[in-house]
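Welcome! Take a moment to look over the model shown here, and then let us walk through it together.

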Amino acid sequence: MSIGLNKSSILVGHLACFGAYCIFGLNIVCCKNISNANVLTPMDLFCLRATGATLLFWLLSLFMPKEKVPLNDLMQIFVASMLGLFLTQMSFLKAITMTTSIDLSIANTCTPIMTMFVAAIVLKEPITFKKIGGVLVSLAGVLFLIFNSVGLGGGASETKPMGIVLAVANGLTFAMYLGIFRPLISKYNVVTFMKWMFLFSMLVALPFNARHFFTLPFAEMESKVLWQVAYVVVFATFIAYFLIPVGQKRLRPTLVSMYNYIQPIIATIISIVIGLDHLNWKKCLAMVLVFTGVWIVNQSRAAMPHQD
């Protein structure tokens with residue numbers, strides 16, 4: 001499938017990634033709060049996300065043009081589901097319970113770097129000096145922001161080594177998903193691709209948690225926890241994972257993953273709004289560096305879509 005070079009298509013890709021990672025930024029806060037409430041295990045929350053998104057994507061597919069997916073592609077989508085959904089989300093949800101907020105944020109900064117190398121190996125995407133420079137500028141900005149922010153709390157009181165391992169695994173599996181499956185994603189509309197992605201992840205997860213999952217004590221949960229669970233399922237899963245493939249079709253994997261650096265910015269903004277942090281020149285500089293790095297990577301010739 002051809003990927004057009006027109007500016008409007010590229011702009012749509014940027015807006016989709018920006019929107020998705022803004023949603024993911026608030027998702028981190030919600031997942032930490034849900035974890036701290038001790039009412040849902042990481043597997044419980046993943047099963048809720050996978051089941052809810054599966055139902056929503058399959059329902060939406062009833063109103064979309066039908067696409068036939070051959071068995072060979074279904075097998076590839078299954079692998080994509082394990083990398084982009086099951087392993088990515090489970091490692092993240094488990095890491096939250098074993099790391100402090102700052103340590104988790106720092107570990108997550110490796111995702112764009114790993115994506116750049118995966119894309120170079122799999123898609124033969126050149127690693128240019130401009131791309132390296134852009135990644136490093138954004139990395140400097142996000143680390144500067146993390147070390148100069150109060151943070152939202154949550155997570156563990158101290159970081160365990162396994163928590164860092166899981167956080168790095170989270171970044172690596174998502175980097176592999178972004179770097180390997182762009183050609184496959186380009187073959188199908190977003191709804192077709194994601195309905196199979198979530199169905200496979202749900203079918204893998206439910207057998208491990210079925211007995212517990214179907215007896216979850218929703219009636220005993222506080223309303224604020226239920227609202228946050230609803231946000232995680234509808235916005236951070238259904239809507240965000242609808243937007244990510246839109247960006248993947250139009251932008252190179254490294255550029256898509258660069259939007260990962262927006263998450264700590266959103267967390268910082270939330271901290272400021274609710275009074276846990278305050279705005280100063282250091283945070284403004286950090287945000288400028290993050291977006292400057294994204295702009296530099298976007299200027300790299302290797303970051304531009306091409307005719308497949």
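The model is predicted, so local features need pLDDT of at least 70 and side-chain atom pairs count only at pLDDT 80 or more, while totals for chains, interfaces and linings use all residues. Residues are numbered from 1 along each chain as its sequence is written, and side-chain values use heavy atoms, with hydrogens and water left out.

## Two helices

Helices here are DSSP runs of H or I with at least four residues, and strands are runs of E with at least two, numbered from the N terminus. Helix α2 covers residues 42-61, which makes 20 residues. From its first C-alpha to its last, α2 reaches 28 Å, close to the 28 Å expected at 1.5 Å a residue. The expected span is 1.5 Å times one less than the number of residues in the helix.

How much of α2 is covered? A residue is called buried under 20% relative accessible area, exposed over 50%, and partly exposed in between, using a 1.4 Å probe and protein chains only. By that rule, 14 of the 20 residues of α2 are buried, so the helix is mostly covered. In α7, the buried residues include L166, F174, Y177 and L178.

W58 is found in helix α2 and is partly exposed, with a relative accessible area of 28%. The C-alpha atoms of W58 and M194 are 8.9 Å apart, although 136 residues separate the two along the chain.

## The largest pocket

Rolling a probe the size of a water molecule over the atoms shows where empty space is left. On a 1 Å grid over the protein atoms alone, a cavity is a set of points where a 1.4 Å probe fits but cannot get out, whereas a pocket is an open set with protein on both sides within 12 Å along at least five of seven lines; lining residues have an atom within 4 Å of a point. The largest pocket has a volume of about 160 Å³; grid points are joined across faces, edges and corners, and the volume is the space filled by probe spheres set on the points.

Which helices supply at least two residues each to this lining? They are α1 (7-37), α2 and α3, and α1 gives the most, with 3 residues. Among the lining residues are C31, N38, P42 and L93. The lining divides into 8 nonpolar residues, 4 polar ones and no charged ones. Ala, Val, Leu, Ile, Met, Phe, Trp, Tyr, Cys and Pro count as nonpolar, Asp, Glu, Lys and Arg as charged, and the others, Gly among them, as polar.

## Two salt bridges

How many salt bridges does the structure hold? There are 2, each being a side-chain nitrogen of Lys or Arg within 4 Å of a carboxyl oxygen of Asp or Glu.

| Salt bridge | N to O distance |
|---|---|
| K187 and D73 | 2.7 Å |
| K131 and E125 | 2.3 Å |

K187 forms its salt bridge with D73. This pair links distant parts of the chain, 114 residues apart: K187 sits in the loop between α8 (182-185) and α9 (190-213), and D73 in helix α3 (residues 71-96). K187 is partly exposed at 45% relative accessible area, whereas D73 is buried at 3%. In the other pair, K131 and E125 are both buried.

A disulfide is a covalent bond between the sulfur atoms of two cysteines. Here a disulfide is counted when two cysteine sulfur atoms lie within 2.5 Å, and a search of the whole structure finds 0. C30 is buried, with 6% relative accessible area, and C284 is partly exposed, with 36%.

Most residues other than glycine have a negative phi, and most peptide bonds are trans. N38 has a positive phi near 60°; this residue lies in the loop between α1 and α2 and is exposed at 67% relative accessibility. K124 has a positive phi of about 55°. K124 is placed in the loop between α5 (111-122) and α6 (129-147) and is exposed, with a relative accessible area of 64%.
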